[in-house]
Amino acid sequence: MVNWHRLRKRIHLICFLIFLVLPFFNVIRFDIPRQRFYFFGYELWINEFGIIFFAMMFLMFVVVVASVILGRVYCGYLCPQMIFSEASTAVQGWLRKRLKKRPALAGPAFYAIAAAGSVFLAFTFVAYFVEPRDLARRLLATDLRTAAGVSGAVVTLLTFLDFSVLRLRFCTTACPYGYLQGMLSDGNTLLVEYRDEGHTCIECKKCVRDCPMCIDIRHSPFQIECVHCGECIDSCNAILGRLKKPLPGLIHYSWGVEDKPRFPFDAKRVVLLLVLVFYATGLFAALSTRHAVLVRVSPDRSTLYRAGADGRIYNKFRYTLANRSHKPAAVLFSLEHLPGASLAMDPVALQPGQSVEGEFEISSPAGSRGDLVTHFEIRTSTIPEQVADTFPMTFISPTEAK
Ligand code: SF4
Ligand code: SF4
């Protein structure tokens, strides 16, 4: 039989490690000062709207689908608020036991640990929005002037109050996800249910005493406080097991109150999973077609053309280049389908993270074009990525040149 408490604590440890690793290894960070979105090794620029849109929608639908199917399992098993609240309660209990002979020390010792833990956790949380080394510099300089410094101080204070005073009360009073879950769940959502057709319950109330949310699941499986942690299931199994009663006990996970034996695949879930697959595919496609060096070329039509003293006709163009990689890069320009024309431009070198805007001219001998407008292409290729781009353009010549 599954021991949900043990499973939950193992998942809590894994989640805690993931929570630490994600921002420090650039797996996920919405870097506000740099205007970058780090997503599983990709450094996305804020103007890469398509990818960021698909990434956000994908993450949002993961939450929605998980809530519809698994109910508040996220709260009980994955939520950092739950993990740290339970950890702070455990630390407080452990200190009380260890300092039984000097109880006056237990309170200050706990608040000192909570303060140190709050600084560390707040630092990790803010690192999801500010680069960690940059944040460490601000912390060491006790920066309280910039937005990042003020945010760090406010989050530290809130974390300390949360883990020393509020704890799981937050889940039932302020957590928006808890209210959202109430709207997303339906008759097939996973829940924790008490069922006692054989009148086996011995009224020991161990399930109530062990419930972190202090509720009695026997009253209803739909109580908003229930975070589906499964602690009451373990409690009932333990008590009835000791009394040699049939197991599993009277409380169990169930797909809806009708206790469907398997995951019910109804139309709503199929649609939600399809939407999730759609956004995952869009995200995959957007990431796989992404180029590390952004190249944009457009005509500058503030003047249609310029007649040079050298007898050539000049058209002006603009370029925007951005090196979104960690390596130096260069962009080469060339012309196609414009015989006799020349483009006087050296390769543009770009340092990692550098953006460059500029303009250049293409010239063609006067009278060499038969038409007012000649269609041609500007081609670019990047080094070292070797990605080629083609930009269809028009060259405008004076009509009297005919
Ligand atoms: S009722 Fe059971 S599943 Fe719900 S919060 Fe309490 S212990 Fe966890
Ligand atoms: S732990 Fe089981 S037997 Fe005890 S009160 Fe709860 S449901 Fe009844």
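Analyst: E203 is partly exposed, with a relative accessible area of 48% (buried means under 20%, exposed over 50%, partly exposed in between, with a 1.4 Å probe and protein chains only). You'll find E203 in the loop between β4 (190-194) and α10 (206-209); helices are DSSP runs of H or I with at least four residues, strands are E runs of at least two, and both are numbered from the N terminus. For background, most residues other than glycine have a negative phi, and most peptide bonds are trans.

Some ground rules: this is a predicted model, where local features need pLDDT of at least 70, side-chain atom pairs count only at pLDDT 80 or more, and totals for chains, interfaces and linings use all residues. Residues are numbered from 1 along each chain as its sequence is written, chains are lettered from A and ligands numbered from 1 in the order in which they are written, and side-chain values use heavy atoms, with hydrogens and water left out.

Now the ligands. Around ligand 2 sit Y194, C201, I202, C204, K205, C207, R218, C236 and I251 (a residue is near a molecule if one of its heavy atoms lies within 4 Å of it). By class, that shell has seven nonpolar residues, no polar ones and two charged; here Ala, Val, Leu, Ile, Met, Phe, Trp, Tyr, Cys and Pro count as nonpolar, Asp, Glu, Lys and Arg as charged, and the others, Gly among them, as polar. Ligand 1 has 13 residues around it, and the ones that come nearest are C211, C226, C229, G230 and C232. The shell of ligand 1 splits into ten nonpolar, two polar and one charged.

C214 repeats the backbone theme, with a positive phi near 60° in a non-glycine residue. C214 belongs to the loop between α10 and α11, and at a relative accessible area of 64% it is exposed.

On to E231, which is in helix α11 (residues 231-242). With 10% relative accessibility, E231 counts as buried. Leaving out residues up to four places away in sequence, E231 touches H5, R8, D210 and P212, where contact means heavy atoms within 4.5 Å.

The L247 to P248 peptide bond is cis, with omega near 0°, and P248 lies in the loop between α11 and β5 (251-255).

β13 and β14 make a hairpin with four residues between them, and Q386 in the turn has a positive phi of about 60°. Nine bridges join β13 to the antiparallel strand β14 (residues 388-396), and strands pair if DSSP finds at least two bridges between them. Within that pairing, F391 in β14 is the bridge partner of I378. Strand β13 (residues 373-383) is also joined to β9 (residues 329-336), by seven bridges and again antiparallel, with S334 standing opposite R379 in β13.
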